[in-house]
Amino acid sequence: MPFDVQDLSGTFSVGDIAISLTLSFVLSVMIGWVYRFTHRNISYSQSYVQTLVILGMLISLIMLVVGSNIARAFALVGALSVVRFRNAIKETRDVGFIFLVMGIGMAAGTRFYTLAIVASVAICLVILVMFRFNWFAANVQRQVVKVQVPPDGDYLNHIQDVLIAHTSEFELVSMESIRGGALTEIMYTVRLKKGHEPGQLITALGERTGGQRVTVLTGYDQTDL
């Protein structure tokens, strides 16, 4: 019995493949550079940005394969449903960039070239404007205070007296027994009053906790006593 091999690549030309993959690559690289330029925290990952570029091209390829065939689309969904990713997304904006390159890859793969270009430029401009003018920033600086105290004694009231004097607001987050019950670790979120420094708060707490460890965590560093 003859073995019949049917090549379905004729449904799109080599030019379609080249344009779709090249366009998705160029636009994904542009998005990657925008992500790198607007990234502020220390969690930047070169691997993540490279993955964005690969993902944009991969989605473009998938859309070329699927085309308008509903059966292929459902088969693809079933195949991809078995894939599991264990890397946690560090920032919510990273998810937005993933969906952005996926949308651009879909537009390029379905040969909506103008849509892909215009959408990429428009969305990247919006991202740059939000970054440049610092939209939606909340001018609220809060710290996390961790205090270790012996389990016996009325230390909680002493700590709260210090927090009332040095902070404009505070909230008890947790109390935990550590070191086999030898110490109790108390954690607060606080907002320092204007003119008060973390070091002053640490010194005041240290005087009320019998010299036990006091830690103030900010968004940028950690101060200990």
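Reply: A pocket is an open set of points on a 1 Å grid over the protein atoms alone, where a 1.4 Å probe fits, with protein on both sides within 12 Å along at least five of seven lines. Its volume is the space filled by probe spheres set on those points. The model is predicted, so local features need pLDDT of at least 70 and side-chain atom pairs 80 or more, while totals for chains, interfaces and linings use all residues. Numbering starts from 1 along each chain, and side-chain values use heavy atoms, without hydrogens or water.

Now the pocket. The second largest pocket holds about 480 Å³ of space. Its lining has 15 residues (an atom within 4 Å of a point). Nearest the centre lie Thr38, Arg40, Arg93, Phe131 and Trp135. Two elements, α4 and α5, each give two or more residues to this lining. Helix α4 gives the most, with four residues. By class, the lining divides into eight nonpolar, four polar and three charged residues. Here Asp, Glu, Lys and Arg count as charged, Ala, Val, Leu, Ile, Met, Phe, Trp, Tyr, Cys and Pro as nonpolar, and the others, including Gly, as polar.

Those elements belong to a longer run. The protein chain has seven helices and five strands. These are DSSP runs (helices H or I, at least four residues; strands E, at least two) numbered from the N terminus. Their order is α-α-α-α-α-β-α-β-β-α-β-β.

Stay with Thr38, one of the residues nearest the pocket centre. The C-alpha atom of threonine 38 is separated by 8.6 Å from that of arginine 132. Along the chain, the two residues are 94 apart. Arginine 132 has its place in helix α5. At a relative accessible area of 60%, arginine 132 is exposed. The cut-offs are under 20% for buried, over 50% for exposed and in between for partly exposed (1.4 Å probe, protein chains only).

Go on to asparagine 134, in the loop between α5 and β1 (143–149). Asparagine 134 is partly exposed, at 37% relative accessibility. Its phi is positive, about 55°, although asparagine 134 is not a glycine. Most residues other than glycine have a negative phi.

Arginine 111 shows a positive phi too, about 65°, and is not a glycine either. It sits in the loop between α4 and α5.

Last, the rest of the chain. Buried residues make up 30% of the 225 residues. Helix α7 (residues 198–208) supplies some of them: Pro198, Leu201, Ile202, Ala204, Leu205 and Gly206. Just after α7 comes glycine 210, with a positive phi of about 70°.
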